[in-house]
Amino acid sequence: MARHHALLLLAVLLPAAAMADPDALQDFCVPDAGHGRPVELALLRTYPCRNPANLTAGDFAFSGVRAAGNFSAATGFAGVSVTPAQFPGLNTLGMSFARADLSAAGGVNPPHYHPRATETALVLAGRVYAGFVDTGGRLFAKVLDKGDVMVFPRGMVHFQLNVGDAPTTVYGTFNSENPGIVRIPATVFGSGIRDAVLERSFGLTPAELRRIESKFGPPKKTEMED
């Protein structure tokens, strides 16, 4: 009986452990991708660590979020994501971060989710209507002011909308080096899902569907369909 309980406990705990970023085995590991080569997330675990004796404070500092990224004319959103690919000093530390800016004219960070991370969002400037929807379809949303923080649980669809008169800046942190992002509008209407599926699912006419799909351009990987 004791062995049965032990096996049951392992069956519960091992999947959870497998989904988390691996624990670090040393203080830090700034990856060495080779001279002049950029760090690639997909290859992160294959890189050796740079010699700690050759590292400086500059390897653990990053200035790439001082300014907003490029704004989308359609949404008024600008985002700068920072993972070990952009900031190698984050490697093995189990975290990443992002800067999001929303234009004053109702800029929106459209509904999306991060499959591998929980996000905490700190409002640095402006007023934001932010929230997430749980798996039961319940909405948790409110207006956040400067200095407020909101948490978006891993895998939950969430969003931000500027409801103030000035631009908004939000700083997000993730408990994964590679949180991933699935943008709902682009994923649904820009990935090449068959028209019949979308028309039936959303009650759209062929003309309505074409008008929506035109906003996202041609699908990127239709060749993956069997």
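This is a predicted model: local features need pLDDT of at least 70, side-chain atom pairs count only at pLDDT 80 or more; totals for chains, interfaces and linings use all residues.
**Notebook: strands, sheet and cores**

I started with strand β7 (residues 149-152), where Met 150 and Phe 152 make up the covered face, while Val 149 and Val 151 sit on the uncovered one.

Residues are numbered from 1 along each chain as its sequence is written, and side-chain values use heavy atoms, with hydrogens and water left out.

**Overall layout.** I found 4 helices and 10 strands in the chain; these are DSSP runs numbered from the N terminus, helices being H or I of at least four residues and strands E of at least two. Along the sequence the pattern reads α-β-β-β-β-β-β-β-β-β-β-α-α-α. Buried residues (under 20% relative accessible area, with a 1.4 Å probe and protein chains only; exposed is over 50%, partly exposed in between) come to 30% of the 226 residues.

**Who pairs with whom?** I took pairing to mean that DSSP finds at least two bridges between two strands. Strand β7 pairs with β4 (residues 119-125) in the antiparallel sense over 4 bridges, and Thr 120 stands opposite Val 151 in β7.

Next I looked up the open sheet: 5 strands, antiparallel, in the order β6-β5-β8-β3-β10. Its edges are β6 (139-144) and β10 (182-183); each has a single partner strand, so one side of each is left without a neighbour in the sheet. Between β5 (residues 128-133) and β6 I noted 6 bridges, again antiparallel, with Gly 131 opposite Ala 141 in β6.

**Cores.** A nonpolar core here is a set of buried Ala, Val, Leu, Ile, Met, Phe, Trp, Tyr and Cys residues joined through side-chain atoms within 4.5 Å. The largest one has 13 residues, and Val 128, Ala 130, Met 150, Phe 152 and Val 170 touch the most other members. Two or more residues each come from β2 (96-102), β4, β5 and β7, and β5 gives the largest share, 3 residues. Apart from this core lies another of 6 residues, including Val 82, Phe 87, Leu 90 and Phe 97.

I also checked Ala 130 for contacts (heavy atoms within 4.5 Å). Leaving aside neighbours within four places in sequence, Ala 130 is in contact with residues including Phe 140, Leu 144, Met 150, Phe 152 and Phe 159.
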